[in-house]
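Here are a few notes to read alongside the model.

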Amino acid sequence: MKKLVSLFLAAAMVLTLLAGCGSGGEAPASEAPESNAEASGSAEAPSGEDTSSDEEVTLTFLHHMGEQGKQDGLVKLVEAFHEKYPNINVEVEFLSRDDFINQYKQRVSADNAPDLINYRPFETPELIEAGLIEPLDASLFPEGIDQNCIKSLSIDGVIYGVPLDVGGYGFYYNKNQLEAVGVDPESLNTRSGVLDACEKLMAAGYTPLASGYAEQWPENIIIEGLTYTGILPENPTLFTDLMSGEKSFSDYPEFLEIVDYGQKLVGTYSIVDNKAASQQASDQYAQFGRGDAAMMMQGTWAVSDIRIAQEAAGNTDEFGFTIYPWSDDANSNYMPANADDSFMISKDSKHKEESLLFAEFCMTEEAGKIWTNASGCISALSGVMPDDADPLMEYFTATLADHAYFFEMNPGLAGQYYQDFDKVYIEGRVAGITPEEVIENWQSAYDNIRATGG
Amino acid sequence: MTGKRKWISRLTDFIFLLPAFVIFAAVIAIPFIQAVGIAFTNWDGLSKTYQFNGLTNLTALFRDAQTANAVKNTMLYTVITCVGVNILALAITVGLNSNIRGARFLKSAMFAPIIASLVITAFIWGRIYGDVFPVNFGVPTPLTNTKTVVMGIAMMCLWRDTGLAMVIYNAGLQSVPEELKEAARVDGANAWYTFWHVTFPMLAPAVTTCVTLWLGYGLKVFDYPKVATNGGPGKASETFCIFVYNHFFSNNRAGYGQMAALVMLIAVVGITSAVTKALRKREVQM
């Protein structure tokens, strides 16, 4: 009896671990899911303020924007919206990007999905497939909206996202430090130009690149950015082909160069000492803003935090921005661009009408101005510029106009394939293995996913 | 006691247990039973429908190249923490029971880290590794190296949990009769001999408790690696619990993740039961 009781208690303790993994909600329905289009058609924008009831409503906006400027921008957007619709409050909740989508899925499982989610269809096609995201009607968007953004936020011609801004990633550079070592910023438009600049900077005692690679996402964009502009433009079905097994990584020789380049940028020129290995993205912005590193591979979204760090340090150096070149052919190098800060509306939102009102508000010039002023990002609405535009804005807009590739118009990686693409690369860089081995490991990981039914 | 009174007494006992039983059933047992079914489906964790797929998830789990990695990381962490916590706690407890000055303060100080939650501990050590180690000692953080990351995470557990194990060993030490040790000393036994042949055998129940506890904690570790490294770099610190979590959520393979959780349940119950049984046997023989 004593043994039985002990066994029962031990089992009970272990059950506590596993209970959290179970579905807390109702058993899934047996009928087949309706297609998104059939389920509700596309949600049209409510016309005018009088469509909302007087009932007090609180919307939840789940986001992963870590930059101070963007967080300030969200607060201002919400305040302006509340002023217009006093009965609607928007509660803004921040979650780290590294675990954002997992947390979102847990909320969905618990029937507690946020009304608005700061994610893009390209990153989570599984949410669209599962019918969790509200399709949007084109009438929600004004004529002046950037059409590249709209296409990037669409799957099979159906729009799922509302873009707040347009952006991309590239190299920030410190003009004074480049000048001191005799590097012409124009030369940064090729891979050799970047590596040569790094060598010269290092030889002169500068830290070539700021490091934030203790976090996963700043390194993800290193390898993803190169893939998006290096292979995807010529192979729009790259990711679906790799996931299905129709193509293998070795079918794309560009991957060898890309991995080698990425490993050098992070391993050799960013993580230059023990301290650098443990820095986060916020440290990276500050390092560059203070003038402790000559260049930084980051997104256009980082500008406001760079300026905060620059001002705090009293650094008077001038900064510039250029594309993120993957090859030595300047004509085939682009800035990986997308509708950076966007949000989607949960299909199961209990306040869909109010959520659509918020989306409609975000597409007004008033909201665009609020967002661009606070965040320092480029509004997705054409002609909406900040009152006091950052000097780097000129570089951003010029690069977006001439040398941008909106990679999210193509199908992306999903689920475990997306996770393993980044994880295998990072593990390889940390372990110091060769690009050939990274490619082998990628292939093994994808073969393994398929073999185990993923 | 008459039969009726006995029955009423038992009913009263049961009524006291009832609230806890209802909560346990509602929060743990029923969701668990529901979740067992999911392990035999291809549910992605998001869709409203799924199909029964029999033992496909189970066979896939044993074919999955990543399973071995998760098991290896979990076992390494468990061995380091289970052995480390017990040796450290026992050594410090015995040391502090030797009437040294400030022993009470040191005992309190050693217990203090247990107040911090697992998440806070991981944050604290993340900063210590990131800021103090490289700047003050010129040592890189172990968390960004695939070879040292599990050891780095295990250190967090050693720092936080040693105090708790000390409390258990301290209680055990108090129950060792002083006259036994005195007799050994009179017979000419030195300090080490007295500890090893008199004190340590008397601590067998405390050893059983501590080893079983930290074995269980180790096998199901989630919080430290989740907060400190998210299983990284890459998958270098992905424990079995993180493997389950990732499949359930990130990888959209809830059925597969649930099967992994079930297998883990059986393994944890099996391992801890076997170890407990072996240690208890030792208590009986003593």
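1. First, a word on terms: two strands are said to pair if DSSP finds at least two bridges between them. With that in hand, look at strand 1 (residues 57-63) and strand 3 (residues 116-117) of chain A, which pair in the parallel sense over two bridges. Within this region, F61(A) stands opposite L116(A) in strand 3 of chain A. Please keep in mind throughout that this is a predicted model.

2. Now for the sheet as a whole. Five strands of chain A make up an open sheet with mixed pairing, and their order is 2-1-3-11-6. At the edges sit strand 2 (88-94) and strand 6 (161-163) of chain A, each pairing on one side only. Helix 3 (residues 68-84) of chain A packs on this sheet and touches strand 1 and strand 2 of chain A. The direction of helix 3 makes about 170° with that of strand 2 of chain A.

3. Which domains does the assignment give for chain A? There are domain 1 (55-164 + 341-382) and domain 2 (168-337 + 411-451). Their centres, taken over C-alpha atoms, are separated by 28 Å. The contact between them takes 15 residues from domain 1 and 15 residues from domain 2 of chain A. On the domain 1 side, helix 3 and helix 5 of chain A each supply at least two residues, and the largest share, three residues, comes from helix 3. By class, that side of domain 1 has four nonpolar, five polar and six charged residues.

4. The largest nonpolar core is worth a look too: it has 132 residues. Those with the most contacts inside it are F171(A), Y172(A), L209(A), F358(A) and C362(A). Domain 1 and domain 2 of chain A each contribute at least three residues to this core. Leaving aside residues up to four places away in sequence, F358(A) touches L59(A), F81(A), V90(A) and L116(A). There is also a second, separate core of 58 residues, which includes F32(B), M156(B), L203(B) and W214(B).

5. Finally, how many residues does each chain bring to the contact between chain A and chain B? Chain A gives 51 residues and chain B gives 57 residues. On the chain A side, helix 1 (2-19), helix 4 (100-109), helix 5 (125-129), helix 17 (415-431) and helix 18 (435-451) each supply at least two residues. By class, this side of chain A has 25 nonpolar, 19 polar and seven charged residues.

Methods: Residues numbered from 1 in each chain as written. Chains lettered and ligands numbered in written order. Predicted model: local features only at pLDDT ≥ 70, side-chain atom pairs only at ≥ 80, totals over all residues. Core = buried A, V, L, I, M, F, W, Y, C linked by C-beta atoms within 7 Å. Buried ≥ 20, exposed ≤ 12 C-beta atoms within 10 Å, placed from the backbone. Domains from an automatic or database assignment. Contact = placed C-beta atoms within 7 Å. Helix = DSSP H or I, 4+ residues; strand = E, 2+ residues; numbered from the N terminus. Axes fitted to C-alpha atoms, helices over the stretch in contact; angles between N-to-C directions. Nonpolar A, V, L, I, M, F, W, Y, C, P; charged D, E, K, R; others polar.
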